[in-house]
Amino acid sequence: MRSFQYRDYFFHSCGACGAVANLTRNSPAPGGSEHRTYECRRCGRVDVYNVAADSKLPWIVVEGSPAA
């Protein structure tokens, strides 16, 4: 499996099983931030994160689907 950093743009760890989740959508959000949607390869969970323009701030989960 590919190794990835916590703040890798295209890959992120799944909130349910910890496997690699792929970036499937990136859209602008109010206040200069963006919403990044990641889908897990293993369990199918979809998580949407609000990512601030300042990369030092933590990512906030906007919505998440239960693991399948």
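Why does arginine 36 count as buried? Its relative accessibility is 11%, and buried means under 20% relative accessible area, with exposed over 50% and partly exposed in between (1.4 Å probe, protein chains only).

1. Basis. This is a predicted model, in which local features need pLDDT of at least 70 and side-chain atom pairs count only at pLDDT 80 or more, while totals for chains, interfaces and linings use all residues. Residues are numbered from 1 along each chain as its sequence is written, and side-chain values use heavy atoms, with hydrogens and water left out.

2. Overall make-up. The protein chain has five strands and zero helices, in the order β-β-β-β-β from the N terminus. Both kinds of element are DSSP runs numbered from the N terminus: helices are H or I of at least four residues, and strands are E of at least two. Of the 68 residues in the protein chain, 31% count as buried.

3. Arginine 36. This residue lies in strand E3, residues 34–40. The side chain of arginine 36 makes a polar contact with the side chain of glutamate 34 at 2.5 Å. A polar contact is a pair of N or O atoms within 3.5 Å; within protein, one must be able to donate a hydrogen and the other to accept it, and residues adjacent in sequence count only if both atoms are side-chain atoms. Leaving aside neighbours within four places in sequence, arginine 36 is in contact (heavy atoms within 4.5 Å) with residues including Tyr9, Asp47 and Trp59.

4. E2 with E3. Strand E2 (residues 20–28) pairs with E3 in the antiparallel sense over seven bridges; two strands pair if DSSP finds at least two bridges between them. Leucine 23 has tyrosine 38 in E3 as its bridge partner. Five residues lie between the strands of this hairpin, where glycine 31 takes a positive phi near 80°.

5. E3 with E4. Strand E4 (residues 46–51) runs antiparallel to E3, and six bridges join them. Histidine 35 stands opposite asparagine 50 in E4. The hairpin of E3 and E4 has five residues between the strands, and glycine 44 there takes a positive phi near 85°.

6. Nonpolar core. The largest such core has 10 residues, among them Leu23, Tyr38, Tyr49 and Trp59. E2, E3 and E4 each supply at least two residues of this core. A nonpolar core is a set of buried Ala, Val, Leu, Ile, Met, Phe, Trp, Tyr and Cys residues joined through side-chain atoms within 4.5 Å.
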